[in-house]
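User: Hi there! Could you walk me through some of the packing in this model?

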Amino acid sequence: MGMEDIRKAALFQFATIGYEGASLSSIAGEVGIRKPSIYAHFQGKEDLFLQVARYAFQEQNLRIFEYFTERMDQSLEHTLHDFLFWMGQEYENNNTAKFMIRFSFFPPVSLYNEVLDIVNPFLDKMERKLTRRIRNTRDREPFGHMEPVDMALAYMTLVDGIMVELLYSGSINYHRRLNAAWPIFWRGITLIPPHEA
């Protein structure tokens, strides 16, 4: 059993029971090793968590990149709308996504700054990807009155609000909030203001 097995076990525990709930002993037990063996690869729980965090955010960044790349020919409306459902499915079915979403909003207090140093570049990349996708979209005509970067920021704000609902209230309220907010968001970015009509 090596570093990769320890990281997978740690990812599962951190994602499902949180930083405080996870312990090196239980992670070692899940992998089938003794707790001291973890120290051959990691300095301790904080080091293990941060290495898992870097891995999780990198993996999820790749998955999001793939999501948008695979939908280059799809309309922007469907791509952005479906992404909100996709993220919900990722949270439910993918421990890497669950880890990323959970600790983006609730980083361990003792590692707050270190986690933000991982989260903020991830969010910056996401914003740049969205801005580029909006700018390059074939159906950009309805957005002549808005800057792509502003649309990307507004969309990320929508994603944040819906993800928080998923964390606090679960899947049903998440879909309820998504279904209520999406039409208002889309109308807001596509409706031409009266003075420009």
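User: Happy to start with the rings: how many aromatic pairs does a search of the whole structure find?
Analyst: Good place to begin, and do keep in mind that the model is predicted. Searching the whole structure gives a number of aromatic pairs, and that number is 18.

User: What kind of aromatic pair do Phe 14 and Tyr 19 form?
Analyst: Their ring centres are 5.9 Å apart, with 20 degrees between the planes. Planes under 30 degrees apart count as stacked, so the pair of Phe 14 and Tyr 19 is stacked.

User: And how are the rings of Tyr 67 and Phe 83 arranged?
Analyst: Here the centres lie 5.2 Å apart and the planes meet at 65 degrees. Tyr 67 sits in helix H4 and Phe 83 in helix H5, so the pair ties together parts 16 residues apart in sequence. Since planes over 60 degrees apart count as edge-to-face, the arrangement is edge-to-face.

User: Is Phe 83 buried or exposed?
Analyst: The cut-off for buried is under 20% relative accessible area. Phe 83 has 1% relative accessibility, so it counts as buried.

User: What is the relation between the directions of H5 and H8?
Analyst: Helix H5 (residues 76–93) and helix H8 (residues 148–169) pack with their axes 11 Å apart, at an angle of about 30 degrees. Angles under 35 degrees count as roughly parallel, so H5 and H8 are roughly parallel.

User: Which residues of H8 make the contact with H5?
Analyst: On the H5 side, the contact includes Phe 83. From H8 come Tyr 155, Leu 158, Val 159, Ile 162, Met 163, Leu 166 and Leu 167.

Notes: Residues numbered from 1 in each chain as written. Predicted model: local features only at pLDDT ≥ 70, side-chain atom pairs only at ≥ 80, totals over all residues. Heavy atoms only, no water. Axes fitted to C-alpha atoms, helices over the stretch in contact; angles between N-to-C directions. Helix = DSSP H or I, 4+ residues; strand = E, 2+ residues; numbered from the N terminus. Parallel < 35°, antiparallel > 145°, perpendicular 65-115°, else oblique. Contact = heavy atoms within 4.5 Å. Phe/Tyr/Trp six-rings, centres within 6.5 Å; stacked < 30°, edge-to-face > 60°. Buried < 20%, exposed > 50% of the residue type's maximum accessible area, 1.4 Å probe, protein only.
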